[in-house]
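Trainee: I would like to go through this model and learn how its terms are applied. Could we begin with the helices?

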Amino acid sequence: ALLAKMPKALWLCFWPFMIYAILFGFGILGFAKFVIPLIVTQSTALLIQWGFYHSFLSWLLEIFAWIWALLMLTFIIFLIARVISAPFYSMLAEKTLTETGTIKTPEHSLGSWIQLNLRMLGTSILESLAFAFFGIFLFVCSFIPIVNFVAAFCILLIVVYDSANYGYEVL
């Protein structure tokens, strides 16, 4: 309902979506070209070394490696796209808060715009670094049996939380 009152806000929602879609598309192409062959060769070499190459374990290991690599690729692309989309999120937060009357209409000068975008970029980088730190911690935890399911779930929760929350951009 709020977006219906603000047609310009739809464009501010569209551009981050396009950034995510383009980066994810290039990420999948890179994944198919570089990561899948790497997973196949490394898991095959590891299974031959362990003597399990023709067993059910070889298929299971490759399937889990592909799934985990896709999850990590999604998380990394998400962090990169988040930093690139920071100016759009800051403008969307500003428009929404102005429209709802939470803040006064800000002055529209080049200096204030640059200052706002630099502040939002710093905020976005800080938040992305925090998410990357937790993501690396969860990645390490993913090598522990049973905990790996919880770690994957927590990584997806980080992505969902950050996608649904843009209130941090107001600070």
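Trainee: How do you know that the span of α2 agrees with its 44 residues?

Mentor: The expected span is 1.5 Å times one less than the number of residues. For the 44 residues of α2 that should give 64 Å, and the end C-alpha atoms are 60 Å apart, which agrees. A helix here is a DSSP run of H or I, at least four residues, numbered from the N terminus. As for the source, this is a predicted model, where local features need pLDDT of at least 70, side-chain atom pairs count only at pLDDT 80 or more, and totals for chains, interfaces and linings use all residues. Residues are numbered from 1 along each chain as its sequence is written, and side-chain values use heavy atoms, with hydrogens and water left out.

Trainee: Where does α2 bend, and by what angle?

Mentor: The bend is at Phe31 and is about 45°. That is the angle between axes fitted to the seven residues ending there and the seven starting there. Just after α2, Gly51 takes a positive phi of about 85°.

Trainee: What makes Tyr20 and Phe78 an aromatic pair, and which kind is it?

Mentor: Rings of Phe, Tyr and Trp (its six-membered ring) pair if their centres lie within 6.5 Å; planes under 30 degrees apart count as stacked, over 60 as edge-to-face and the rest as tilted. Tyr20 and Phe78 are 5.9 Å centre to centre with 45° between the planes, a tilted pair. Tyr20 lies in α2 (residues 7-50) and Phe78 in α3 (residues 56-84), so the pair ties together parts 58 residues apart in sequence. Both residues are buried. The whole structure has three aromatic pairs.

Trainee: Which residues touch the most other members of the largest nonpolar core?

Mentor: A nonpolar core is a set of buried Ala, Val, Leu, Ile, Met, Phe, Trp, Tyr and Cys residues joined through side-chain atoms within 4.5 Å. In the largest, of 18 residues, they are Trp68, Phe75, Leu79 and Ile155. Helix α3 gives the most to this core, with seven residues.

Conventions:
Helix = DSSP H or I, 4+ residues; strand = E, 2+ residues; numbered from the N terminus. Buried < 20%, exposed > 50% of the residue type's maximum accessible area, 1.4 Å probe, protein only.
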